[in-house]
Amino acid sequence: MSDATLKSFLDWFHKNGGSVDATSVGFKTFPESEGGRGAVALKDISEGHVLFTIPRSLTLSTRTSSLPSRFGVDAWQNMKLNQGWTGLILCMMWETAQGTSSKWAGYSDTLPIHFDTPMFWNEADLTELNGTCVVEKLGREEAEQSYTEKLLPAIRTRPDLFPLEQAEYYSLANYHLMGSRILSRSFNVEKWESEEEENENSKDSTNRRADGMDVDSSDGPERAEENGDEESHHIEVEEEDDEDDSSDTAMVPMADLLNAKYESENAKLFDDENELRMISTKPIKAGEQIWNTYGDLPNSELLRRYGHVDLLPLPNGGLGNPGDVIEIRADIAVSITVQQHPSLTSDSVQERVDWWLEEGGDDVFVLESDLELPEPLISLVRLLLLKQSEWETAKGKGKPPKPKVDADSLSIIHDVLQTRLKSYPTTLQEDEVKVSGAISTNTKNAIVVRMGEKRILNDTLIKIREIQAKGNSKKRKGAGVDSGAQKRSRK
Ligand SMILES: C[S@@+](CC[C@H](N)C(=O)[O-])C[C@H]1O[C@@H](n2cnc3c(N)ncnc32)[C@H](O)[C@@H]1O
């Protein structure tokens with residue numbers, strides 16, 4: 001953002017009731033690896049200091065834009081614009097089309113028009129992500145389906161609101177752009193209690209879905225720790241969930257200028273009846289960057305949502321993201337179990353898998369950098385290995401087996417991880433060579449993501465082999481396997 005754009009944004013912000021403690025907070029461009037444009041402490045700031053405030057009315061959501069009421073709340077709901085992000089995307093497109101008469105004209109100019117997220121990568125760059133958790137989560141087809149099936153029919157019904165000569169604002173490219181702006185910059189701003197009551201009384205229940213970086217309702221930063229609520233910027237493309245309220249998803253001018261880095265948060269957004277307040281959650285030294293949090297996400301998610309990766313020194317050397325994870329689909333565990341135990345009949349396996357899923361069992365297991373085996377994975381493998389009578393008992397009690405590894409389940413889990421590792425076209429060693437060469441940023445980021453995932457797989461495999469070796473030597477001495485390598489379910 002040029003100095004002139006920043007100045008006109010600040011003018012707009014102040015004119016519309018926003019306030020910044022200009023003696024404490026400045027804006028500058030940091031190196032790309034530190035987030036580029038962001039906020040800086042101009043002097044030592046103590047914990048609990050209000051850095052800036054944003055009136056609720058200045059946030060941009062389906063609640064604050066006048067489009068839903070002009071469109072008609074019933075029609076809005078009938079066209080399912082109250083579900084997922086399509087409604088907010090349409091509001092953002094419409095506000096942009098209003099030009100300077102939009103309340104948010106002074107804000108729109110600060111928003112990115114280009115993204116480095118894989119959603120916009122070419123095929124060659126996307127190939128670099130093969131095997132990683134990113135590939136299946138891009139959601140391009142789902143987004144395009146919402147554009148075709150929800151947005152286009154909606155704008156066609158109201159040429160008075162969306163005149164043909166403004167069609168360029170409602171293009172598919174703009175749909176993706178607005179979606180990416182929401183994905184990387186929105187916050188989850190819940191209604192204030194009195195607002196909720198008012199709406200309940202007036203039966204105005206518009207949108208259902210929630211996304212975005214959470215805002216803590218509280219009188220001060222202490223609540224952030226109490227809540228332990230770090231779900232920031234979590235948004236799934238067009239995932240619809242009746243539990244959530246999509247009208248909570250809001251673009252929050254000024255707050256979205258803050259960058260984030262793994263476990264570096266020193267400021268967080270809190271809400272009040274009429275305004276949102278960015279408050280320091282730690283003392284910040286003059287010259288330091290003011291960091292918000294995006295939830296200390298793994299690099300796969302940072303890249304997918306924000307287009308960057310975190311690189312910090314790792315405990316065992318090298319650089320990476322300590323928050324990395326690797327996801328393993330349950331069907332790999334099922335097929336390896338069957339391979340190792342060919343006597344299992346496909347009917348019996350299918351019956352147990354169906355039961356597992358009906359009972360709410362996971363279909364994806366998550367390994368973290370602590371290398372502990374996920375309890376649900378152990379439990380599923382042991383379920384498949386139960387004798388018929390044991391299976392009948394487990395089913396009768398409605399309880400899957402305890403997640404305690406034995407030699408059989410450990411051997412299966414070892415091969416599951418090895419199979420998962422083979423789904424990457426390259427080895428960790430090959431990646432280490434390639435990442436230090438002259439390559440594009442997209443390729444580099446993709447390699448960083450897959451290296452983080454492979455490190456967890458490799459290290460867990462080493463740990464399993466050590467446990468197996470110990471188990472074998474114990475067996476020789478007459479004792480069984482006792483691993484201590486398993487992890488409790490996070491549920
Ligand atoms: C909420 S915005 C933060 C403000 C942004 N830097 C700007 O200029 O508008 C999120 C975007 O900032 C960038 N960003 C934030 N933290 C970063 C980091 N630690 N490293 C690199 N880029 C970062 C990414 O491009 C991300 O999509």
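Analyst: Two strands pair if DSSP finds at least two bridges between them. Strands (E, at least two residues) and helices (H or I, at least four) are DSSP runs, numbered from the N terminus. The model is predicted: local features need pLDDT of at least 70 and side-chain atom pairs count only at pLDDT 80 or more, while totals for chains, interfaces and linings use all residues. Residues are numbered from 1 along each chain as its sequence is written.

User: What makes S2 and S3 a pair, and which residue stands opposite Gly 38 in S3?

Analyst: S2 and S3 are joined over five bridges in the antiparallel sense, and the criterion asks for at least two. Lys 28 stands opposite Gly 38. The two strands belong to an open sheet of four strands in the order S2-S3-S12-S9, with mixed pairing.

User: Why is one side of S2 (25-29) and of S9 left without a neighbour in the sheet?

Analyst: Each stands at an edge and has a single partner strand, so one side of each has no neighbour in the sheet.

User: What joins S10 to strand S11 (residues 275-280)?

Analyst: Five bridges join these antiparallel strands, with Leu 269 opposite Met 278 in S11. S10 and S11 form a hairpin with three residues between them.

User: Which residues are the closest to the ligand, and what makes a residue count as near?

Analyst: A residue is near if its C-beta atom, placed from the backbone, lies within 6 Å of the molecule. The ligand is surrounded by 16 residues, the closest being Gly 35, Arg 37, Asn 259, Tyr 306 and His 308. Strand S3 (37-41), helix H8 (172-185) and strand S9 (259-260) each supply at least two residues of the shell.

User: What is the make-up of that shell by class?

Analyst: Ala, Val, Leu, Ile, Met, Phe, Trp, Tyr, Cys and Pro count as nonpolar, Asp, Glu, Lys and Arg as charged, and the others, Gly among them, as polar. By these classes the shell has four nonpolar, eight polar and four charged residues.
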